[in-house]
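Colleague: I would like to learn how to read the features of a model such as this one, going step by step from side chains to sheets.
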Amino acid sequence: MRMTDIQRCDIRPGRLVEWTLSAATVATAAGLPDDARPPAYIQESHIRTARSVREDGLFVPTWLGAAFDLPGRIDVDALQEALRAWTLRHETLRSGFRWSGPGGEVRRFTLDADEVSLHREDAGEFTDANALVCHLQQRFDTVADALRWPNLIYTAVLREDGAGVYMAFDHSNVDAYSLYRIPAEIHELYAAAVEGRCVEHPPVGSYVDFCEAERADADRIDGGHEIVGRWREFIQRCDGRLPSFPVDLGLEPGGALPEQRLLREPLVDAADAAAFEAYCRPYGGSLAGVLAATALVVHEIGGEPVYRTVVPFHTRTRSRWSRSVGWYVGGAPVEVPVERARDFPSALAAVREALHANRRMARMPLDRVLRLLGADFRPTSPDLYSIVSYVDARAVPGADRWTELNAYGLLRVSYGDQVCAWVTRLPEGLWFASRHPDTDVAQKNLRLYVERLRDVVTGVARQGAVARGA
């Protein structure tokens with residue numbers, strides 16, 4: 001799905017219906033004992049960061065969402081049944097957190113499936129698209145908040161020719177891949193509900209179970225572990241901080257957290273994306289290619305001799321997590337000595353070497369490493385570092401219908417001093433989306449980055465196609 005914000009996902013007016021977890025569900029949750037399964041380190045870091053930023057006096061929404069169409073006259077009861085069935089399939093969506101004890105520990109609670117019900121609210125007719133978008137963003141900001149529970153909301157805008165479905169979740173429950181699977185799964189469940197039949201699915205692995213297993217593994221290491229030492233050295237080479245995007249963003253040192261702007265657009269078409277992948281495949285594929293191109297471009301713009309970044313990787317290492325909703329993401333440090341790798345093949349080889357050496361480090365939660373380093377990273381921004389992410393989403397069930405169904409992954413663009421960029425391989429080509437500080441300097445340099453990134457990808461693709469005699 002194309003990543004965008006709620007202002008740019010083609011919402012049309014209609015009658016708005018909203019679903020949240022019911023008051024009875026919330027009351028039951030309030031009386032539950034603690035779940036012995038702890039939060040993942042990434043979840044706890046996210047919640048503590050949200051609280052820290054809130055204590056500094058700034059409300060920074062960080063939800064993610066999905067948007068897609070359902071064609072034809074809508075059976076609202078069947079849609080509700082589909083949404084509830086999908087929610088019950090994924091245990092993390094009926095699990096939440098609360099603060100406990102004088103030390104401010106984060107404790108989990110989890111509802112049984114039969115204790116979960118949805119409350120439906122008719123929010124009325126909207127005739128103006130802008131008013132509807134503003135209402136949805138306000139509702140998503142309020143409900144899908146890291147510091148409350150429940151922190152998910154489902155909505156549908158009903159029209160004569162169908163409905164637009166818009167769903168939002170606090171980031172602690174979902175990653176991009178979780179969002180990619182939603183349109184096809186809801187379509188399948190909705191069709192079954194309309195027809196009065198059941199959908200048989202193999203069991204879906206629980207992200208709550210994954211959190212427990214991942215945390216147990218992470219807690220077995222100490223400060224003398226090799227991975228901790230390698231992160232220590234990397235952070236030292238970053239002047240004691242996690243890396244930012246190495247171009248001028250027009251920020252004042254010590255200034256207030258800036259508002260952000262979204263930049264999103266097609267990068268290259270399907271033919272150039274395929275040719276670029278073919279050229280880069282011996283070096284690790286398009287991920288390595290995007291990082292190599294980025295290293296060259298940011299060196300050209302900012303002049304840094306070494307490009308340092310934290311590369312996100314999924315942690316769905318076993319098949320039972322493949323269909324599971326959750327935040328299955330870790331990070332690995334990568335360094336590209338651009339001053340010595342002045343052309344694309346040299347940069348590509350350097351990225352391949354760095355990924356080969358460090359990729360497995362993404363399986364160790366970075367927040368665990370930071371605790372062992374004793375580093376005081378009191379977060380003042382929801383993003384601890386800048387990222388450039390690459391995902392090939394073409395194999396996701398239903399990806400071939402995303403354009404037809406007007407399907408998008410939704411980002412909340414609010415405040416932040418980092419650059420977060422996502423390059424997604426779709427059936428129609430490569431799609432680029434980024435959140436960056438809303439300054440004139442950042443806008444100019446991010447625009448330059450995207451244009452030069454496109455130039456490099458296109459040049460490599462066409463050079464490779466000529467070399468192959470295509």
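Modeller: What follows goes through aromatic pairs, charges over rings, cysteines, strands and a few single residues.

Modeller: Please keep in mind that this is a predicted model, in which local features need pLDDT of at least 70 and side-chain atom pairs count only at pLDDT 80 or more, whereas totals for chains, interfaces and linings use all residues. Residues are numbered from 1 along each chain as its sequence is written, and side-chain values use heavy atoms, with hydrogens and water left out.

Colleague: How many aromatic pairs does the structure hold, and why is the pair of W86 and Y154 called edge-to-face?

Modeller: A pair of aromatic rings is described by the distance of the centres and the angle of the planes. Rings of Phe, Tyr and Trp (for Trp, its six-membered ring) pair if their centres lie within 6.5 Å, and planes under 30 degrees apart count as stacked, over 60 as edge-to-face and the rest as tilted. The structure holds 16 aromatic pairs. The ring centres of W86 and Y154 are 6.3 Å apart and their planes stand at 70 degrees, so this pair is edge-to-face. It links distant parts of the chain, since W86 belongs to helix α3 (residues 76-89) and Y154 to strand β7 (residues 152-159), 68 residues apart; here helices (H or I, at least four residues) and strands (E, at least two) are DSSP runs, numbered from the N terminus.

Colleague: Are W86 and Y154 buried or exposed?

Modeller: Buried means under 20% relative accessible area, exposed over 50%, and partly exposed in between, with a 1.4 Å probe and protein chains only. W86 and Y154 are both buried. A tilted pair is formed by F276 and F344, at 6.1 Å centre to centre and with 45 degrees between the planes. Because F276 lies in helix α8 (residues 270-280) and F344 in helix α10 (residues 344-358), this pair ties together parts that are 68 residues apart in sequence. F276 and F344 are buried as well, and one aromatic cluster is formed by Y207, F210, W321 and Y328.

Colleague: Over which ring does the charged end of R51 sit?

Modeller: A charge sits over a ring if NZ of Lys or CZ of Arg is within 6 Å of the ring centre and within 35 degrees of the ring normal. The charged end of R51 sits over the ring of W99, 3.7 Å from its centre, and that of R215 sits over the ring of Y41, 3.8 Å from its centre.

Colleague: How many disulfides does the count come to?

Modeller: A disulfide is a covalent bond between the sulfur atoms of two cysteines. With the cut-off that a pair of cysteine sulfur atoms lies within 2.5 Å, the count comes to 0 disulfides. C9 is in none, and its nearest cysteine sulfur, that of C134, is 13 Å away. C9 is buried, with a relative accessible area of 1%, and C211 is buried at 0%.

Colleague: In what order do the 7 strands of the open sheet stand?

Modeller: Two strands pair if DSSP finds at least two bridges between them. The 7 strands form an open sheet in the order β1-β13-β3-β8-β7-β2-β6, with mixed pairing. β1 (2-4) and β6 (118-126) stand at the edges with a single partner strand each, so one side of each is left without a neighbour in the sheet. β1 pairs with strand β13 (residues 408-411) in the parallel sense over 3 bridges, and R2 stands opposite Y408 in β13.

Colleague: Which strands run antiparallel to β15?

Modeller: Strand β9 (residues 260-269) is joined to β15 by 9 bridges and runs antiparallel to it, with Q260 opposite P437 in β15. Strand β14 (residues 420-426) is likewise antiparallel to β15, over 7 bridges, and these two form a hairpin with 2 residues between them. Of the 9 residues of β15 (residues 429-437), 9 are buried.

Colleague: Where is S322 placed, and what does H187 touch?

Modeller: Contact means heavy atoms within 4.5 Å. S322 is in the loop between β10 (307-314) and β11 (329-336), is partly exposed at 28% relative accessibility, and, leaving aside neighbours within four places in sequence, is in contact with Y177, R181 and R316. H187, in helix α5 (residues 176-195), counts as buried at 14% relative accessibility. Not counting residues up to four places away in sequence, H187 touches F68, D69, L70, P71, R401 and L405.
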